[in-house]
Amino acid sequence: MDKFRMIFQFLQSNQESFMNGVCGIMALASAQMYSAFDFNCPCLPGYNAAYSAGILLAPPLVLFLLGLVMNNNVSMLAEEWKRPPGRRAKDPAVLRYMFCSMAQRALIAPVVWVAVTLLDGKCFLCAFCTAVPVTVLGNGSLAPGLPPPELARLLARVPCPDIYDGDWLLAREVAVRYLRCISQALGWSFVLLTTLLAFVVRSVRPCFTQAAFLKSKYWSHYIDIERKLFDETCTEHAKAFAKVCIQQFFEAVNHDLELGHAHGALATAPAGSAAPATTDGAEEEREKLRGITDQGTMNRLLTSWHKCKPPLQLGQEEPLMGNGWAGGRPRPPRKEVATYFSRV
């Protein structure tokens, strides 16, 4: 059990590395899913393009949403976006930084799926088999004599070797090689483009906006840490509240039993000896309650935390009236007046 606790604490302290590992596992899983997927082209002129578009776009969308759902910062971003401003204004730059960080990780698995799909070529072959230039690759003298619907029906069967019967017009192997060559070229172009875009976003962008980047990164980490510490404090308070409530319940039950017992003197002796330890434990738990000892007060505190978070300026003796992110106006220096008395 201790080993699992140590692993959980390590994952909590290294959340960024953990999320990168999860995204890498999802990317490998997407590639494995495609290799295990049974691609069956309908080989019909009106359905080939729709089926291929669904295979190319639907799984990446699902993987992208799964990447966002598995990220713990989604709820934090939604909470920060929807909370009332209160005494702490919301910074749009911080919200954009949080969303971009989550989107970059969530896009890894969809990008891998699209790249593997294009490099394999089956999807592209099924979608564009009716667009093969028959006059260039096949028997161009016979193509003009066929009506367009019949030509489309014949070419739509190119991905299906069992039912294709147009070798007299166009050799199937020629069409397959032609379309797979174009698909692989598009796949490698897509990989190169996404790699360059990721390099620009991760490396070049902070160099031009370093100050804004550092500010957004700092306050993003602050919001995450503040939320974790608030949850830990609420958990500690809830445990102390539950302990004190249970102790009061058992003390009340014990008191009722003592009053109803016939031999009161014998019953009160052991209770009196254990009273100091119980009292010390109760006092220690009451100190953890921080003066909040009823449900209504706790509900008001939680509502106040949601609606009016404290300003981001420490050492304030009075409410801050300015922007919590930018900081308020500096206080004017206090004037000190010294008075001297002389004895006559």
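This is a predicted model: local features need pLDDT of at least 70, side-chain atom pairs count only at pLDDT 80 or more; totals for chains, interfaces and linings use all residues.

Residues are numbered from 1 along each chain as its sequence is written, and side-chain values use heavy atoms, with hydrogens and water left out.

Switch to cartoon. You'll see 13 helices and 0 strands (DSSP runs numbered from the N terminus: H or I of at least four residues for helices, E of at least two for strands). Of the 344 residues, 27% are buried (under 20% relative accessible area; exposed is over 50%, partly exposed in between, with a 1.4 Å probe and protein chains only). Among contacts with a separation of 6 or more, 74% are between residues 24 or more positions apart (a contact being heavy atoms within 4.5 Å).

Next, colour the annotated spans. The unreviewed UniProt entry lists residues 21-37, 49-74 and 182-201 as "transmembrane region"; positions are in the numbering used here, feature names are shortened, and annotations may be inferred rather than shown by experiment. Select 49-74: this span is 88% helix and 0% strand, with its end C-alpha atoms 35 Å apart. Then try 182-201, which is 100% helix, its end C-alpha atoms 28 Å apart.

Now for the sulfurs. How many disulfides does a search of the whole structure find? The search turns up 2 (cysteine sulfur pairs within 2.5 Å). Pick Cys 41 and Cys 126, joined with S to S at 2.0 Å. This pair ties distant parts of the chain together, 85 residues apart: Cys 41 sits in the loop between α2 and α3, Cys 126 in helix α7 (residues 122-128). Cys 126 is buried at 0% relative accessible area, and Cys 41 is buried at 13%.

Move to Cys 43 and Cys 160, where the S to S distance is 1.6 Å. Here the partners are 117 residues apart, with Cys 43 in the loop between α2 and α3 and Cys 160 in the loop between α9 (148-155) and α10 (172-208). The link is right-handed, with 80° about the S-S bond. While on Cys 43, check its backbone: phi is positive, about 60°, although the residue is not a glycine.

Cys 129 counts as buried because its relative accessibility is 1%. Compare Cys 234, which is partly exposed at 21%.

Last stop: Arg 105, in helix α5 (residues 92-106). Is Arg 105 buried or exposed? Buried, with a relative accessible area of 17%. Show Gly 67 too: C-alpha to C-alpha, Arg 105 and Gly 67 are 7.2 Å apart in space but 38 residues apart in sequence.
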